[in-house]
Amino acid sequence: MAVSGFSAEWLALREPYDLTARAEAAAALDLRGMATRMRRGARPLEVLDLACGTGANLRALAPRLGDAQRWLLVDNDPQLLAALPGVFAAWSRAQGFVLRADAEGLHLEGPDWHADVRWLRADLVSALDDLPFANMQLVTAAALLDLVSASWLDALFERVRRTNAAMFFALSVDGRVQWDPAVEGDEIVRQLFTAHQRRDKGFGVALGGQAPAMASARLAALGYGVAQACSNWLIEEPAMLQAMIDGMSSAALEQGPDTQALVRAWRAWRGMSTTRSRMHVGHVDLLALP
Ligand SMILES: C[S@@+](CC[C@H](N)C(=O)[O-])C[C@H]1O[C@@H](n2cnc3c(N)ncnc32)[C@H](O)[C@@H]1O
């Protein structure tokens with residue numbers, strides 16, 4: 001399964017790791033305080049989720065924000081958007097939440113929060129100006145910032161700044177990958193993998209592991225109050241370790257064709273050792289208040 005892809009299967013495989021990692025970061029960031037501050041009176045908090053995939057960001061964030069919310073989820077992949085009702089229905093059942101569907105979208109109800117959820121198919125590169133930033137109090141995204149370029153990020157921040165909305169970006173990779181036990185080849189594969197992450201994903205040269213530092217510096221320069229917390233993955237299960245090994249070695253082979261022998265040997269050894277290994281992948285969650 002491709003670690004750098006956006007398939008529903010990969011997003012489902014990573015979601016439990018994301019949830020655990022985000023819980024750790026959320027303990028250090030006052031997300032509910034931010035929501036209370038941004039809310040206009042008794043009206044629902046208006047949230048725009050960029051690159052929503054199958055809605056994992058809402059599932060992690062809505063219960064933490066509390067009270068009434070209205071979400072607009074945006075992605076350009078029609079298959080991921082089509083999966084939203086089914087994924088939210090399964091999640092609501094598992095969590096004991098109420099879910100109602102109507103012609104407009106979904107209504108979700110938890111113990112101390114409820115959310116109207118709509119979605120929109122849009123390309124964040126060509127249609128950024130079509131998005132309804134003006135109505136929003138929170139603009140958020142998960143696992144997006146490392147895919148975008150510095151110039152796209154500046155364009156986004158400029159649009160959000162005009163509306164005085166808060167921003168919350170979860171799960172941006174920061175380039176750290178650590179294996180236990182460590183073996184020869186780990187560092188060269190990490191370097192090739194992180195170089196591969198900088199390839200253009202449609203937004204210009206991708207920020208990759210530089211995304212958290214770059215975003216935080218740019219937001220501070222715009223006058224935002226910025227808080228960050230680590231949302232690292234700790235991976236111990238063989239299936240997820242294997243997905244990481246496959247994804248990292250494919251990227252490394254594409255990035256460094258002259259290191260084929262070393263990368264193939266690394267993949268073979270790591271593949272045989274998944275029951276005796278674990279890895280950390282560094283991520284950062286970033287909250288910016290106007
Ligand atoms: C790594 S996934 C993250 C999905 C989701 N936020 C999550 O945390 O599971 C990146 C998402 O970006 C979306 N994406 C990539 N390029 C896009 C574009 N140009 N416009 C809109 N969405 C895009 C993909 O379809 C995918 O859903």
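## Helix packing and ligand shell

Helix α6 (residues 186-197) packs against helix α8 (residues 238-255) at an angle of about 80 degrees, with the two axes 8 Å apart. That angle makes α6 roughly perpendicular to α8, a label given to angles of 65 to 115 degrees, whereas those under 35 degrees count as roughly parallel. This is a predicted model, in which local features need pLDDT of at least 70 and side-chain atom pairs count only at pLDDT 80 or more, while totals for chains, interfaces and linings use all residues. Residues are numbered from 1 along each chain as its sequence is written.

**α6 and α8**
- On the α6 side V189, L192, F193, A195 and H196 meet M248, S249, A251, A252, E254 and Q255 of α8, contact being defined by C-beta atoms, placed from the backbone, within 7 Å.
- By class, this contact of α6 with α8 has seven nonpolar, three polar and one charged residue, where Ala, Val, Leu, Ile, Met, Phe, Trp, Tyr, Cys and Pro count as nonpolar, Asp, Glu, Lys and Arg as charged, and the others, Gly among them, as polar.

**α1 and α3**
- The axes of α1 (residues 8-26) and α3 (residues 56-65) come within 9 Å and cross at roughly 30 degrees, and the two helices are therefore roughly parallel to each other.
- L11, E15, D18, L19, R22 and A26 of α1 make the contact with A56, A60 and R64 of α3, a set comprising five nonpolar, no polar and four charged residues.

**Ligand shell**
- The ligand is surrounded by 18 residues, of which A51, G53, A56, N76 and A142 are the closest, a residue being near if its C-beta atom, placed from the backbone, lies within 6 Å.
- This shell around the ligand divides into eleven nonpolar, four polar and three charged residues.

Note on methods
Axes are lines fitted to C-alpha atoms, for helices over the stretch in contact, and angles run from 0 to 180 degrees between N-to-C directions. Helices (H or I, at least four residues) and strands (E, at least two) are DSSP runs, numbered from the N terminus. Angles under 35 degrees count as roughly parallel, over 145 as roughly antiparallel, 65 to 115 as roughly perpendicular and the rest as oblique. Two residues are in contact if their C-beta atoms, placed from the backbone, lie within 7 Å.
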